[in-house]
Amino acid sequence: MTLGLTLTAVLVSAGAVAYLMATDPKRRRAFDRPEPVRGRSPWAASLILFLPGIVLGYLGNWSAFTIWFAAITVIGWGMVAVSPRQWTRAGNMLLRVNRAAAERVSMSWARLRAYTRAVSALSKRFEAAEDRVAELERRVAGLEQALAAATSGDSGAINQGTEHTEAALVPREAAE
Amino acid sequence: MLDSLSQTQVKRLTAVHGWSGVILGLLLYAVVITGTVVVFADEIETWSLGGTGEEHSLSGIPGVDAKVRDALFPMGKGYLKEVQIRPTIDGHLRVFPHVHAVNPKTGELGDLGRMMIIDRETGAYRLKEEGFSSDNPHWFEGSALSEFLVDVHVQLYMPRPWGLIVTGILGLLTMAAGVTGLLMHRHVIRDLFVAERPGARLVSSRDRHVLAASWSLPFTFLLGFTGSFLSFAISIGLPMMAMVAFGGDREKMIETLLAAPKQEDHRPVPSTDLNAVIADAAKRAGGPVNAMTVMNYGRADAVIQTSHDAQDGEMMPVNMVYDGASGAFMGEKPLIGKQASVGGTLVELVFPLHFGSFAGVLSKSVWVGLGGAMCFVILSGLRLWVKRRGEDALWRNFGVAVVTVGYGLPFAMVASAHAFFLARYAGDAAWWTGAGFLIGAALGILIGLALRESKRLGRTFCRLLAAGCLLLPVIRMATGGAAWIGSGGPATGAVIAIDMAFLLMGAGLWYATGRGNAQPADLRPEPAE
């Protein structure tokens, strides 16, 4: 409970700090950024900054309130201490990493699809192989029968055996 | 902050702010950096013990009652006046029946009794010795490292009460620096979002110091106040109260302030079942029993106090009181006094606010961040002072001292941890932990004297610190600590997390000082702007 509340409160306030930081006129002047930012509303952002604290106080969760207050002073300092140039550089790096990761994911996805297709084709060939083996065994049995009849010297049997063998040699699809 | 201040007043404030920082800043840095580390004192204790024991509460130890009965019978010398029962960091049972008596060696009031550590499974005695706890540091050898760091933080490893008085003054200094800094700086709110301006100029150093100081001001003040309160309460406040209100009888004062109320009755009565008390207290407090104290064990006026962590969303830990003879629940007890009061509550609040331990690892992590910010404020302030006076050779040397202490202290702390592990393997960890710190500090001073150039000094210290951090987990495991996996393990989460933190710190420091990366600590002088 406290963990979830604290993290949510810190995230909301950190967002407000980020907005106030990015639109702060003095910061923008100091780092040669164009100013002023149109539609800037520092009071609304300040309200959002402190709102989680008010909510936590109202809920009576003083543990979460204290952690939120302490965390926002540390995180706020950490965010503001990074100059706009460093933020831009970090953002660009993140974008590059993101793009490279997206490319990798897309390549890996294409490879995965190729592998899946190959595996599926192989599995179909295995299934067909079973039928082919059964067919061949049937043919061998017919030939063995014919051979046995020929050995016994019974021409009728030979004829029958030959017919049987010939019948056996006709592909199943054609017979059907 | 205040536009109404005249130039002269601002100059005076700057002098007070700057000179107090220059004179006591490095000592304050020592207190703050050790305080930042000892926020995780419990975890450091588990880590230093190489712990695989997961259970750190009485609720998880089987048959506490039978073990305590065996341990306390027969027992003379009045030790049953107060029996402390708590788990050791590796999950065994520590029973310490004792009295408060003046230690002839120190002249101070101390705990005299019989220390027993009982195996949680077999009930065999792992330790059974008698004496003053202050004369037997080996009773707490497992916690020697965290105890040492706490001692440096609390009283700078100086004898009582002088160390406490010094740290109390440093707490006052923190508050004074916060107030004077706030008054000096006229545009705190307007500059709250201005990062360090580029160019490594004097104004950049000023930005860096002011920004960190402004953001951390509320908690710098709070931590300074609570720290100062604790130091002065122990060193001056309580002895004074004992003199004024209890005729110098400190034991009576402690009893009045801390003990649970019950009419004195010396009749021998068998103690209630402690297992039942532990189970009931855990249910009522909504959490396991961390420790318990039995006053007048085996008597009709016996009282049991159980202590628990703060409940979810609360700041204060919970204490329950039971009748030691019948086992009846007597109610919740405030830390100080017999009934809840505004004063008592305010004093109770000092502890969680200073230690940051009220919500486990979450609050402790944030408190480490606060400590880190305070360290940054102190060092950046000292660097700013030196940069303003760069023409003077004396201040340049002071700049070298700032770098030496800035890096040398963490290096000495890492050295003390190395010494602790090696000594645990060889013996007498308590002595060698302090010696390791001093050896590390002496090595740091020698390096500072030899190099005397901030840039090279910073790089050398970073490399040494990195090597020390990277080696610590290896040394820990090599000297019998639990491994991450396999034989001797698995280690607990806290152990692995601290190992990982050291490895990351070491790798980060090594990388930061690598070729082509930013160089640390350049204190070359620059004329004032």
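**Close-up 1. Domain 1 and domain 2 of chain B, with C-alpha centres 21 Å apart.** Welcome to this predicted model. In the domain assignment of chain B, domain 1 is built from three stretches, 1-51, 142-242 and 358-387, while domain 2 covers 389-529. Where the two touch, domain 1 of chain B brings 24 residues to the contact, and domain 2 of chain B brings 33.

**Close-up 2. The side of domain 1 of chain B that touches domain 2 of chain B.** Have a look at the helices here: α1 (7-38), α2 (41-48), α4 (144-155), α6 (202-246) and α10 (360-388) of chain B each supply at least two residues of this side. Which of them gives the largest share? That is α10(B), with six residues. By residue type, this side of domain 1 of chain B has 16 nonpolar residues, alongside four polar and four charged ones.

**Close-up 3. β5(B) and its pairing with strand β1 (residues 82-87) of chain B.** These strands run antiparallel and are joined by four bridges.

**Close-up 4. β5(B) and its pairing with strand β6 (residues 303-308) of chain B.** This pairing is also antiparallel, and five bridges join the two strands. A handy landmark is B:Met292, whose bridge partner in β6(B) is B:Thr306.

Technical notes
Residues numbered from 1 in each chain as written. Chains lettered and ligands numbered in written order. Predicted model: local features only at pLDDT ≥ 70, side-chain atom pairs only at ≥ 80, totals over all residues. Domains from an automatic or database assignment. Contact = placed C-beta atoms within 7 Å. Nonpolar A, V, L, I, M, F, W, Y, C, P; charged D, E, K, R; others polar. Pairing = 2+ DSSP bridges.
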